[in-house]
Amino acid sequence: MKLSGRWVSFFFVLWATWETALSVTRYSIPEEMERGSVVANLAADLGLDVSGLAQREVKLDIFHNKKYLDINKRTGELFIVEKMDRESLCNTKTMTCFLKLDLIIESPLRIFNIELGITDINDNAPHFRRDKIELDVSESATPGERFSLPNAFDPDVGANTVKTYKLSESEHFAVDIHSGSDGTKYVDLVLTKALDREEKAVHNLILTAVDGGVPARSGTASIIVRVQDTNDNAPQFDQAVYSLNISENSPAGTVLVKLNATDADEGPNADLTYSFTLYTSEKTQEMFSLNSQSGEIAVKGTVDYEDMKIFEMFLEAKDSGPVPLSGQCRVTVYVKDMNDNYPEITIKSLKNTVDENIPVGSVIALVGVGDRDTGDNGKVNLTMNKSLPFLLNQTSDYLYELLVSEPLDREIVPEYEIMLVVTDKGNPPLSDNETITVHLLDVNDNAPQFPLTFYTIPVMENNAPGALLSSLTALDPDLHENQYLVYFIIEKEIANTSMSMLFSINPENGNLYALKTFDYEIEKEFLFHIEARDSGVPPLSSNVTVHIIIMDQNDNTPLIVSPWRAHGSVVEEKIPRSTDKGTLIAKVIAIDSDSVHNSRISYQFLHNTDATLFSLDQYNGEIRTMRMFSYRDSRHQQLVVIAKDNGEPALSATVTIKLSTVETALKTYADLTEVPLGYDIFSDLNLYLVIGLGSVSFLLLITILVTIVLKCQKTKPSKAAPPCRNSVISERNSTIADSTLVSNDAYWYSLFLAETRKGKLVVRQPVPKGSRYIVSSIPRSTGLTETSDSAASTLQVRKNY
């Protein structure tokens with residue numbers, strides 16, 4: 001270290017003194033003087049002749065055997081050859097170090113002892129044995145704790161040695177300086193504030209040692225304080241709450257999030273393990289998986305929005321410190337709805353059996369609809385798959401009423417299969433259906449109906465009593481008791497005879513039976529009503545008109561009324577032998593009380609003595625001559641005439657006529673028919689007939705009028721036929737017998753005319769009991785002339801009931 005000229009002069013003046021005590025010459029110089037610097041003029045100080053020094057051998061013997069100084073032989077000055085470092089020359093810690101040297105001058109030999117005091121200057125800065133000081137300090141160290149530091153070394157002494165230590169600015173550390181017994185300064189590093197490794201893991205400090213020299217010198221050392229981690233920091237997640245969205249039905253393995261937790265500690269204290277806390281439900285843990293090392297959360301189960309819309313996971317990250325610390329976070333997963341659920345139909349209330357007369361507008365079912373989806377996916381609409389007499393009325397977003405919109409009829413449709421279709425508004429839309437069955441209960445709303453409104457039933461006369469005439473079955477489309485029918489005859493009387501005495505009907509099946517044997521010749525028809533009534537409440541009924549027609553059987557044998565003869569007798573007639581061809585000899589008249597078809601009579605010869613002589617008209621029974629009699633012809637002719645009806649099988653009657661020819665000129669049968677009867681007889685009979693016919697007609701008219709008046713005054717029955725029509729029918733039937741009499745009177749009137757033309761008298765007279773028709777004939781008296789009455793016949797017809 002070079003000294004300035006001012007310092008050199010100062011030290012030279014200060015120390016360069018002449019000392020002669022004990023023959024030791026002492027000089028004092030500061031160390032580190034520059035080479036060539038003059039320490040002292042030995043020649044002058046020692047009294048030596050400078051001029052003679054060059055010839056004399058002068059040398060310096062240095063104690064340390066190192067040439068630091070030399071003498072200028074020309075000037076006698078002691079000058080510095082090499083800088084002298086007090087610290088290297090002396091081990092003493094005193095301020096001045098003495099260098100002993102001998103100045104040897106030969107010729108004559110003289111030895112001068114010289115001591116050169118080398119005074120210490122502050123030429124050395126303090127320095128530390130280690131430039132870097134490393135300390136490991138636990139962050140759990142408490143303030144006040146001390147850490148020893150190596151002290152600085154300064155070869156200078158005295159005031160130039162280490163005087164103090166300084167520490168770079170730090171809020172956590174300071175230095176404490178204390179002196180040893182030898183005056184050495186020692187320093188300790190003191191913790192003034194608690195450390196936090198997570199805040200600052202390494203503290204870089206500069207320790208400066210400063211000496212007391214002027215100017216002061218210093219030396220520095222780097223202090224690296226490594227804060228040793230303690231598990232004082234819990235793991236921290238990036239977010240305290242994670243909000244995630246996921247679509248339902250996401251496949252397993254779908255990663256939701258990778259959690260990131262950090263621990264300000266290090267080493268094992270920062271090794272984190274992720275796990276669910278006890279606050280996380282088992283269902284959530286079944287639905288999601290958590291990677292304990294990476295913190296990755298993935299889908300594990302089937303995510304269903306309708307099952308759970310929000311999942312909350314409580315997770316912790318735990319370090320591996322001796323006393324593990326943990327940090328928590330919450331993960332909220334919001335499930336996004338997808339249209340993956342079919343809409344649902346719930347029948348909340350149902351009347352699956354209703355009366356068919358249920359009023360329009362009645363509610364028969366409450367139907368709830370729903371869809372577990374949300375938004376448009378959860379909006380639904382309910383319809384019916386086809387047009388039915390029902391209506392859906394929406395009462396709320398998810399409730400419908402099924403109403404009756406039209407009158408129902410069980411007989412047309414007994415039950416309805418109603419398919420309800422619910423469709424959501426998702427894309428694509430999903431739908432479902434539910435079928436409900438509504439059964440209609442029968443109500444007695446249908447009256448029994450006969451297939452026909454008018455039944456004509458032919459009944460063959462001579463039927464057996466109790467014979468089945470017909471089965472009159474009505475139909476009732478109702479059910480059960482409303483369908484159970486009871487049949488009965490609406491009571492009425494015909495000719496003082498009740499219908500229930502003539503006919504009966506099975507009340508259960510409508511079979512109509514005859515209670516008596518009918519005779520066409522007496523009763524030809526019946527007209528009455530049959531009612532069918534159901535068992536409902538109230539009962540309904542309907543009636544039908546039944547017309548019974550008695551069909552004729554060929555049960556009556558033709559009765560020959562002309563020519564009249566006693567039973568089993570033969571009719572004898574005399575005719576002139578001069579009778580011309582075509583002359584009417586006789587006329588056979590037969591009657592049959594059967595119907596027109598069965599009563600159609602045809603006449604034939606059963607026996608004819610001479611087939612060439614007589615002819616018989618098969619339709620009117622007239623017997624005429626086919627030629628005139630000849631002398632060869634027998635005087636006696638016998639004719640057997642058979643009258644046969646048209647029935648099947650045909651019935652017949654015969655009459656035998658014996659003809660005798662006479663020569664006397666007699667009037668023929670034809671001539672007799674042309675002679676009118678006496679006016680008084682014909683006129684009286686005619687009068688009787690007219691009076692009889694008029695009386696019967698008048699009585700019939702009175703009866704009809706009285707019957708109509710009585711019927712109209714009676715209270716109308718509930719289910720009876722129209723009264724006027726019944727009255728007419730009743731009167732018609734009540735006059736059947738009278739009409740028969742009138743018809744017979746007309747017949748007898750015709751017969752009277754025919755018989756009187758043959759000269760016979762036809763009168764009515766009583767007939768024996770049991771006879772149906774009795775013909776009495778009185779033959780002509782032998783003494784009668786052509787103008788007199790030829791015969792008298794008596795005929796009486798009596799009806800048997």
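Modeller: Buried means under 20% relative accessible area, exposed over 50%, and partly exposed in between, computed with a 1.4 Å probe on protein chains only. This is a predicted model, in which local features need pLDDT of at least 70, side-chain atom pairs count only at pLDDT 80 or more, and totals for chains, interfaces and linings use all residues. Residues are numbered from 1 along each chain as its sequence is written, and side-chain values use heavy atoms, leaving out hydrogens and water.

A salt bridge is a side-chain nitrogen of Lys or Arg within 4 Å of a carboxyl oxygen of Asp or Glu. The whole structure holds 21 salt bridges. One of them joins Arg146 to Asp176, with 2.5 Å between the closest N and O atoms. Arg146 belongs to strand β10 (residues 146–149) and Asp176 to strand β13 (residues 173–179), so the pair ties together parts 30 residues apart in sequence; strands are DSSP E runs of at least two residues, numbered from the N terminus. Arg146 is partly exposed at 45% relative accessible area, and Asp176 is partly exposed at 26%.

Asp229 and Arg197 also meet through their side chains, at 3.0 Å from N to O. Asp229 sits in the loop between β16 (218–228) and β17 (236–237), and Arg197 in the loop between β14 (185–191) and β15 (202–211), 32 residues apart. Asp229 is buried at 16%, as is Arg197 at 7%. Both belong to a network of salt bridges that links Arg197, Glu198, Asp229 and Glu266.

Glu622 pairs with Arg624 at 3.2 Å between the closest N and O atoms. Here Glu622 is buried at 17%, whereas Arg624 is partly exposed at 30%.

Note on methods. Helices (H or I, at least four residues) and strands (E, at least two) are DSSP runs, numbered from the N terminus.
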